[in-house]
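Please look over the sequence and the model first, and then follow the points below topic by topic.

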Amino acid sequence: MIKPMSRLADSFWRAVAYCLHPRVIGLSLLPLIVSAALAFGLGYFFWEAAVAGVRATMESWSLIDGMLKWLDSLGAASFRTVLAPIIVLAMAVPALVVLSLLLVALLMTPSMVDLVAQRRFASLERKRGAGFVASLSWSLGHTVLCVVLLIASLPFWLIPPLALILPPLIWGWLGYRVFTFDVLAEHASGPERRRLISEHRMPLLVLGLATGYLGAAPAAIWALGALTIAFAPVLILVSVWLYTLVFAFSSLWFAHYALAALQEMRRADTLSDRAPDPVMDALPANYATAPPRIVDDADDVEGIDERQDPAPGAAPRIENKPSPL
């Protein structure tokens, strides 16, 4: 059996190579167009209201308002102007991540799994354990839970170490749950999917954590301070494109790993569940040994050719020879 970590490394390089496939590049444009249109539409209609609401909330808190007045007295009045838009953008980034992952899972993953199956697992039986409705329900349910976890963890983001750990962990868990289900929906039955997830839980969690940190990497483009406000439209488009590429790669990584694991699991089950053969099973344990050969005692006499017929009245002797099989 191939070790899980070796399979993870093999699946990683295969996913990198598949990202350069023209079909994958073309598929990545659809989530980009949809998510970019939603981001710009929401920004056009709700940007000013969101900024005004955040600013009013900050001024209603005496502690934050006192801090802002203190900064005004130090000549940093411009910080009050840019703080509310930065907070709105910081809250929008997790939403962009979740939206990109959901769109990739629904719009790209089935086609990319089909591509991987055609090129590597053409003989793998498709048992269709889950349809589109089941995949959609599974993805939406876990996405809602992920959003709840992100909102609940927002206060901990003010602690520098946790801000680098919690979001990737949550996104990695979401990717592990969503992508594993989607890549196995077509080929595995329900029991096979549950068994594979149970047997490969740790490697799949490692894969999800790795893709979670990859998904957090594009957020670094927002660390430009006040410049993020001036270049917000361009940065939104770039970040959505980066998120789409990252999660498309993650989907391919999950597809290569999960389908290879499914193929190996079925092969092992086939070998262990071999149907009994009434003819072969009735043979003795040493059925492959050649039958004994009757020779003559004259064979022991030096100079007599073994090919000659035995002398009349000579007692036969049984000699076992190794089987040529």
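Among contacts in the protein chain between residues at least 6 apart in sequence, what percentage join residues at least 24 apart? The share is 82%, where contact means heavy atoms within 4.5 Å. This is a predicted model, in which local features need pLDDT of at least 70 and side-chain atom pairs count only at pLDDT 80 or more, while totals for chains, interfaces and linings use all residues. Residues are numbered from 1 along each chain as its sequence is written, and side-chain values use heavy atoms, with hydrogens and water left out.

**The chain as a whole**

- The protein chain has 13 helices and two strands, these being DSSP runs numbered from the N terminus (H or I of at least four residues for helices, E of at least two for strands).
- Of the 325 residues in the protein chain, 37% are buried, where buried means under 20% relative accessible area, exposed over 50% and partly exposed in between, with a 1.4 Å probe and protein chains only.
- The accessible surface of the protein chain comes to about 18600 Å², and 70% of that area belongs to carbon and sulfur atoms; the areas come from the Shrake-Rupley method with a 1.4 Å probe, and for residues only the protein chains shown count as cover.

**Trp171 and other selected positions**

- Trp171 lies in helix H8 and counts as buried because its relative accessibility is 7%.
- Trp171 and Gly208 are 37 residues apart in sequence, and their C-alpha atoms are 7.9 Å apart in space.
- Leu164 lies in the loop between helix H7 (160-163) and H8 and is exposed, with a relative accessible area of 61%; from C-alpha to C-alpha, Leu164 and Ala216 are 8.9 Å apart, although 52 residues separate them in sequence.
- Ala52, found in helix H3, is partly exposed at a relative accessible area of 42%.

- The structure holds one cavity of 30 Å³ or more; on a 1 Å grid over the protein atoms alone, a cavity is a set of points where a 1.4 Å probe fits but cannot get out, a pocket is an open set with protein on both sides within 12 Å along at least five of seven lines, and lining residues have an atom within 4 Å of a point.
- The largest cavity has a volume of about 30 Å³, a volume being the space filled by probe spheres set on grid points that are joined across faces, edges and corners.
- Trp138, Tyr176, Arg177, Thr180, Phe181 and Ile197 line the largest cavity, and helix H8 (residues 166-184) gives the most to this lining, with four residues.
- The second largest pocket holds about 600 Å³ of space, and among its 22 lining residues the closest to its centre are Ala39, Leu42, Gly43, Ala92 and Ile236.
- Helix H3 gives the most to the lining of the second largest pocket, with ten residues.

**Cysteines**

- The structure holds zero disulfides, a disulfide being a pair of cysteine sulfur atoms within 2.5 Å.
- Cys19 counts as partly exposed at 23% relative accessibility, whereas Cys146 is buried, with a relative accessible area of 0%.
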